[in-house]
Amino acid sequence: MTDLEVVARGLVVGERSFERLRCHPRLPLVACWDSERPAVHIWDCGGGQLRELGSVGLTSNAYGDAFGWERAKRTPAAAWHPDQPLLVFAGEDGLRQWTPAGVSEPDDASVRASYRNLAFSPDGQTLWGSPSFRDEGGGWESSDVLDLPSGTIGAGPPWDTGVAEHPGGGLVVTLNSNQGATYCLFARIDEGAGSAVMRPLRRALILDCDGYGTPLFSADGLHIAIRGNAYGNSVEVFEFPSLRRVLATPLGDPSPGYPYPQEWLDQMHAWSRHNIAFGSRPGVLWIATPAGSLVEVDLETRQTIEHDVLTGARLSALAATATGELLVAGSEGDLVLLSVLSGSTQTGTTSRDVARAAAAAFVESTAEIADDGNDLETHLVLTDGNRIWEADDLATVTAANATDPTWLQLQAAINKAQLQSE
């Protein structure tokens with residue numbers, strides 16, 4: 001049985017709490033999204049202590065009554081540099097950057113860009129932004145590739161909802177979201193001469209509907225978890241590199257369908273949208289709950305263990321630090337650092353070797369999409385974790401039942417209608 005030990009406890013000053021946590025991939029730093037306004041606070045979580053270091057966007061107007069899409073449009077994006085203590089922040093006033101020396105503006109014209117999503121390339125020399133700032137008014141048909149040494153901005157593939165690097169290196173995953181279906185896209189990273197570029201690969205996951213969070217890899221690279229979606233609280237976990245689905249579960253009661261009862265809406269909003277993490281123990285997913293507890297899920301046995309963390313407070317965010325500790329935020333302003341005590345004997349070196357092998361196996365099992373492949377759907381080999389569809393399969397399917405995902409039912413209906421109209 002796994003035990004959790006409280007390493008450090010912090011209390012947020014004032015009435016604010018945190019709704020999202022993002023730990024630095026290598027350093028004991030964490031970015032904490034303010035629940036009251038478009039601001040991010042940076043904390044040090046090293047040495048068994050929690051200490052606030054600074055903030056970005058703290059003078060922004062409060063969210064107030066903004067809800068749904070209006071709230072989402074004002075929520076800032078932020079990304080950690082893979083090696084340095086540097087956080088790039090995209091808010092209502094454009095790009096800002098935090099370092100231990102303070103907050104500053106970039107030196108070039110990119111400061112005017114207000115991206116919805118940001119990510120650093122694995123080598124830290126390129127900043128990816130989405131949607132594109134090059135298209136007047138912002139465009140979701142492409143993304144921007146900001147070469148930091150030169151300050152130039154180029155074109156990248158369309159993506160949204162964050163970018164996650166596979167711990168084996170050379171491979172990232174992101175989402176391309178539409179209301180009917182979301183593609184979970186994998187891309188090889190070309191870090192040759194010039195800016196690091198995503199090279200999308202043919203193998204991809206397809207998820208029902210939209211509204212998912214950034215995919216999350218386990219430390220050994222053998223699992224990928226995705227939190228969603230816009231119409232219900234769910235968690236799906238897939239093996240990697242096979243992409244076989246090993247867990248699909250709703251959090252709370254499943255969606256009753258439109259119109260949604262108020263009781264169900266209240267339950268849905270009680271669950272954090274940033275409440276899953278992989279810690280140091282292989283094959284275990286952690287889920288934070290509105291009841292103040294952490295649920296430990298063994299992905300092989302499907303057994304769950306509930307750990308009480310905060311009494312009388314909803315857990316509003318969860319993340320894992322670079323060393324595998326868990327960091328949880330509570331709705332009453334608590335920030336708690338937890339050590340995971342388990343019998344796992346897997347070392348960091350072993351985990352990295354396993355991850356590298358998994359990433360290499362995935363890249364070898366597929367192929368890059370040609371540069372002229374503007375119509376993404378015609379190139380992808382899709383799976384939902386159970387079945388596989390080639391592009392031609394989806395172009396001709398005309399039958400689906402009520403248990404099939406919504407996107408497949410819609411595709412079948414569209415194809416059938418087109419055949420009947422010919």
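Strand β8 (residues 94–99) pairs with β9 in the antiparallel sense over three bridges; strands (E, at least two residues) and helices (H or I, at least four) are DSSP runs, numbered from the N terminus. Two strands pair if DSSP finds at least two bridges between them. Within this pair, W98 stands opposite V103 in β9.

Both strands belong to an open sheet of four strands, ordered β6-β7-β8-β9 with antiparallel pairing. β6 (77–80) and β9 (102–104) form the edges, each with a single partner strand, so one side of each has no neighbour in the sheet.

## Basis of the model

This is a predicted model, in which local features need pLDDT of at least 70 and side-chain atom pairs count only at pLDDT 80 or more, while totals for chains, interfaces and linings use all residues. Residues are numbered from 1 along each chain as its sequence is written, and side-chain values use heavy atoms, with hydrogens and water left out.

## Cysteines

With a disulfide defined as a pair of cysteine sulfur atoms within 2.5 Å, the count is zero. The sulfur of C23 lies 5.4 Å from the closest cysteine sulfur, in C45, which is too far for a bond. C209 is in no disulfide either; the nearest cysteine sulfur, that of C184, is 15 Å away.

C209 is buried at 12%.

Key
Buried < 20%, exposed > 50% of the residue type's maximum accessible area, 1.4 Å probe, protein only.
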